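Me: I have a structure to get through today. Can you walk me through it in plain terms?

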Amino acid sequence: MKFREFTLNDYESVIDLWKLAGLKLSRSDTYEGLKVKLKRDPDLFFVLEEEKRIIGVVMGSFDGRRGWINHLAVHPEYQGKKLGQQIIDELQRRFKKIGCEKMNLLIELSNENVQSFYEKQGFKKHDLIFMEKWIT
């Protein structure tokens with residue numbers, strides 16, 4: 001298994017993996033949306049491959065203060081094998097390299113079953129009110 005940066009050639013495979021893993025996709029998860037994302041911090045958006053098959057993915061981002069974990073997914077056939085932990089460890093290593101001191105993530109209520117996974121990785125729940133506004 002190896003990590004490598006996401007490329008746009010991976011788009012369909014990654015979208016399929018996100019759906020298979022039960023992630024809720026948004027309007028910005030289009031080919032064009034991910035193309036824009038790659039321009040910002042491509043080294044934080046990477047996949048985990050086994051024999052050229054994508055079995056894990058994370059879309060990390062850094063806003064200059066905090067690191068964000070977005071759309072972390074492991075193929076259901078590989079879940080329970082600590083691959084999610086390996087992905088987080090690799091992302092954390094990359095965050096540290098650029099001076100990031102804190103990682104954040106948001107969990108959709110429809111995906112709250114992953115909360116215990118993140119708690120095992122050292123994340124703590126922080127109650128807040130999240131608001132959004134699409135400007136396009």
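Reply: A definition to begin with: two strands pair if DSSP finds at least two bridges between them. The model here is predicted.

Me: ok, how many bridges join S2 to S3?
Reply: Six bridges join strand S2, residues 45-50, to strand S3, residues 53-62. The two strands run antiparallel.

Me: and what is the bridge partner of Val 47 in S3?
Reply: Val 57 is the bridge partner of Val 47.

Me: what's the order of the strands in the sheet?
Reply: The order is S1-S2-S3-S4-S5. Five strands make up this open sheet, and the pairing is mixed. Strand S1 (2-5) and strand S5 (103-105) are the edge strands, each pairing on one side only. From one strand to the next, the twist averages 30°.

Me: which strands does helix H1 touch?
Reply: Helix H1, residues 11-20, packs on the sheet and touches S2, S3 and strand S4 (67-74). The direction of H1 makes about 90° with that of S3.

Me: and where does H3 lie?
Reply: Helix H3, residues 83-97, lies across S1, S2, S3, S4 and S5. H3 runs at about 155° to S4.

Me: new topic, aromatics. how many pairs are there in the whole structure?
Reply: A search finds six aromatic pairs. One of them is Phe 6 with Phe 45: the ring centres are 4.1 Å apart and the planes are at 5°, so this pair is stacked.

Me: why does 5° make it stacked?
Reply: Because planes under 30 degrees apart count as stacked.

Me: which parts does that pair tie together?
Reply: Phe 6 is in the loop between S1 and H1, while Phe 45 is in strand S2, so the pair ties together parts 39 residues apart in sequence.

Me: are those two buried or exposed?
Reply: Phe 6 counts as buried at 3% relative accessibility, and Phe 45 counts as buried at 0%. Ring pairs also link Phe 6, Trp 18 and Phe 45 into a cluster.

Me: what about Tyr 11 and Tyr 31, stacked or edge-to-face?
Reply: Tyr 11 and Tyr 31 form an edge-to-face pair, 5.6 Å centre to centre with 80° between the planes. Tyr 11 is in helix H1 and Tyr 31 in helix H2 (residues 31-40), 20 residues apart.

Me: last one: what sits over the ring of Phe 46?
Reply: The charged end of Arg 94, which is 4.2 Å from the centre of that ring.

Methods:
Residues numbered from 1 in each chain as written. Predicted model: local features only at pLDDT ≥ 70, side-chain atom pairs only at ≥ 80, totals over all residues. Heavy atoms only, no water. Helix = DSSP H or I, 4+ residues; strand = E, 2+ residues; numbered from the N terminus. Axes fitted to C-alpha atoms, helices over the stretch in contact; angles between N-to-C directions. Contact = heavy atoms within 4.5 Å. Phe/Tyr/Trp six-rings, centres within 6.5 Å; stacked < 30°, edge-to-face > 60°. Buried < 20%, exposed > 50% of the residue type's maximum accessible area, 1.4 Å probe, protein only. Lys NZ or Arg CZ within 6 Å of the ring centre and 35° of its normal.
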